[in-house]
Amino acid sequence: MSVVEVPPPVTAPTRSGHCRITVRGRDGRETTFDVKKNDMLLKAAVEQGIDYPHNCRVGVCGTCKTRLVAGRVSPMVDLALSPLTNEQIEAGFVLACQAKVRSDLVIEAKLGNGTQLPVKTVSSRVSQWQKLPGDVIDLRLTLDEPVAFNAGQYCTIAESGSFTRRNYSYYDVPPTGDSAGAREIGFLIKRLPGGKFSEWLFSEDRRDTKIWVEGPFGIMGIDDLDRDGLCVAGGTGLAPILSIVGDRLRRSKTAKFTIVFGVRTANDVFANARLNELLAEGEGRVRLITILSHEPAGSSWTGPRGLVTAALTPELGVDFTETAAFICGNLGMVEAVERRLLELGVQPDRIHADKFVPSGTP
Ligand code: FES
């Protein structure tokens, strides 16, 4: 196992078996917390409610990149194969989700604005198991205790007694006000041929099955609520987009949204009911563009065709230099959209991406 090390920091003594983590933020602000020696840095931080940037938690997306200023960590992945560039590795960057803490650390990371909610594990029962077009199931769970989450976040779910876990984004709008959280949550789950959880879920009606839920995880840009949003969803990447747009419509009186939703064919368009609800709730502030990548030539479809990137042109009617962008879908699609949006002039720090990573990714 490799080790990334720079001379250790001098810090006040911590509890035995623990290491002190000092995070230097972008504004010079310092945040400190303690973790058990050999714990994974990101997991330990998020479990304590630290607003640490992260998304996939499996070393793929690069969101948790962290510069090691002092101290020692053991990376659990080969950094040369990670999303970090050679320049970043040479500058001392590691992935917090894959860094085992070996000593006190001083690190640089862009902590969020303190809105990370505590991660909870709760039991639930399947209250709705509904097949939708496009080989998608609308799965709703009734929770035994309420869970708070932010729009665009995800959780890990597993059948009670099984070790097979999968991550899915909430499609609901998070409850607001004094609520302790949601009592019911829903997910849009695409069939993944050969996928253990997916095959189990699709094989029969799973209503009343006991499911464990752990979360919330991930951060999808929660500030700047009055800024207009361009939302690009590939397939079930629509789930976090429904949550984000619904939430922002309620929290801003002015923000407008363009949703570009990509599926294969007209017969694969799912979640029409929820999209129509959103369009009605938006009262003219939400525009939906559905684009089909594999619609047979000569069909009655009159809308746009191609990959979602084909819809991202100067003619889209979006002020790319001002918009916030939310992109959700598989890794390749999200990266292609990110590149396209940068070409069109979207500010890099206004691009929020949720890259779906297949299960089994180490
Ligand atoms: S690489 Fe660490 S959260 Fe994605």
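**Briefing on the predicted protein chain**

In the protein chain, 71% of the contacts with a separation of 6 or more are between residues 24 or more positions apart; two residues are in contact if their C-beta atoms, placed from the backbone, lie within 7 Å. The structure is a predicted model, in which local features need pLDDT of at least 70, side-chain atom pairs count only at pLDDT 80 or more, and totals for chains, interfaces and linings use all residues. Residues are numbered from 1 along each chain as its sequence is written.

**Overall build**

- The protein chain contains six helices and 18 strands; helices (H or I, at least four residues) and strands (E, at least two) are DSSP runs, numbered from the N terminus.
- The radius of gyration of the protein chain is 21 Å, which agrees with the value near 21 Å for a compact globule with 362 residues. This radius is taken over C-alpha atoms, and the globule rule is 2.2 Å times the number of residues to the power 0.38.
- Along the principal axes, the C-alpha trace of the protein chain spans about 70 × 50 × 40 Å.
- Of the 362 residues, 37% count as buried. A residue is buried if 20 or more other C-beta atoms lie within 10 Å of its own, exposed if 12 or fewer, and partly exposed in between, with C-beta atoms placed from the backbone.

**Domains**

- The assignment gives domain 1 (4–108), domain 2 (120–217) and domain 3 (229–356); these bounds come from an automatic or database domain assignment.
- The centres of domain 1 and domain 2, taken over C-alpha atoms, are separated by 30 Å.
- Gly-71 and Ile-327 are 256 residues apart in sequence, and their C-alpha atoms are 35 Å apart in space.

**Confidence**

- The average pLDDT of the protein chain is 91, and 94% of the residues score at least 70; pLDDT is the predictor's confidence in each residue, from 0 to 100.
- Confidence is lowest in strand E1 (residues 4–6), with a mean of 73, and highest in strand E15 (residues 257–263), at 98.
- Where pLDDT is low, the predicted coordinates should not be read in detail.

- Strand E14 (residues 229–234) pairs with E15 in the parallel sense over six bridges; two strands pair if DSSP finds at least two bridges between them.
- Gly-234 has Gly-262 in E15 as its bridge partner.
- A right-handed β-α-β unit is made by E14, helix H4 (residues 238–251) and E15. A crossover is right-handed if, with the strands pointing away from the viewer, the path from the first strand over the helix to the second runs clockwise.
- E15 and strand E16 (residues 286–292) run parallel and are joined by seven bridges, and the bridge partner of Val-263 in E16 is Leu-292.
- From E15 the chain crosses through helix H5 (residues 272–282) to E16, in a β-α-β crossover that is right-handed.

**Pairing around strand E7**

- Strand E2 (residues 18–24) pairs with strand E7 (residues 105–108) in the parallel sense over four bridges, and Val-23 stands opposite Ile-107 in E7.
- E4 pairs with E7 in the antiparallel sense over three bridges, and Ala-70 has Val-106 in E7 as its bridge partner.
- Gly-71 is found in strand E4 and counts as buried because it has 23 C-beta neighbours inside 10 Å.

**Backbone geometry**

- Most residues other than glycine have a negative phi, and most peptide bonds are trans.
- The peptide bond from Gly-215 to Pro-216 is cis, with omega near 5°, and Pro-216 lies in strand E13 (residues 210–217).
- Asn-38, a residue other than glycine, has a positive phi near 80°. Asn-38 lies in the loop between strand E3 (30–36) and helix H1 (41–47), and counts as exposed because it has 11 C-beta neighbours inside 10 Å.
- Arg-57 is not a glycine, yet has a positive phi of about 65°. Arg-57 lies in the loop between H1 and strand E4 (65–75), and counts as buried because it has 23 C-beta neighbours inside 10 Å.
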